[in-house]
Every structure is written in structure tokens, then in C-alpha cells.
Amino acid sequence: MDLRELTAPCGLDCFNCIAYLANDNEEFRKQVASIGVPYEEAACAGCQKDNGCRFLQASGFT
């Protein structure tokens, strides 16, 4: 596991990110989907792997 890949450009590590935790938690996945991300895509493999946080982009924070 490469910890650099699990730290977002914003400084938040994946282990404290609701989008990353949504991989294993149904409630978190529903919360992420509530910002307009399709439910099937409402989980993240890590921002560095996704070219930035697509969830923050979808919610208008970036």
C-alpha cells in the first residue's frame, strides 16, 4: 500500500474520507450519492488514482 496514493491533494487521507469509506459502508455510499453522484459510482479508490476528488467536484466544492 502506497500511503502517498491514499492522501488527497487537499491533505485529507483516504481513511478519513467518506467517499473512500463508502467502499465498505452502505450508509456512507448513500450519503455520497446524495450530492448527485450516481449510487453505483459513489465510492472512491483514492483521489490520486482518480485525478483529484470527483466527489468534491460533483458537489461544487472545487
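This is a predicted model: local features need pLDDT of at least 70, side-chain atom pairs count only at pLDDT 80 or more; totals for chains, interfaces and linings use all residues.
1. A quick word on terms before anything else: a residue counts as buried under 20% relative accessible area, exposed over 50%, and partly exposed in between, using a 1.4 Å probe and protein chains only.

2. Numbering starts from 1 along each chain as its sequence is written, and side-chain values use heavy atoms, leaving out hydrogens and water.

3. On the fold: the protein has three helices and zero strands, so the order from the N terminus is α-α-α (helices are DSSP runs of H or I with at least four residues, strands are E runs of at least two, numbered from the N terminus).

4. Of the contacts (heavy atoms within 4.5 Å) with a separation of 6 or more, 28% link residues 24 or more positions apart.

5. The accessible surface is about 4100 Å² (Shrake-Rupley, 1.4 Å probe; for residues, only the protein chains shown count as cover). Carbon and sulfur atoms own 52% of that surface.

6. The whole structure has one salt bridge, meaning a side-chain nitrogen of Lys or Arg within 4 Å of a carboxyl oxygen of Asp or Glu. Glu27 and Lys30 form it, with the closest N and O atoms 3.6 Å apart. The two sit three residues apart in helix H2 (residues 26–33), so about one helical turn separates them. Glu27 is partly exposed too, at 45% relative accessibility.
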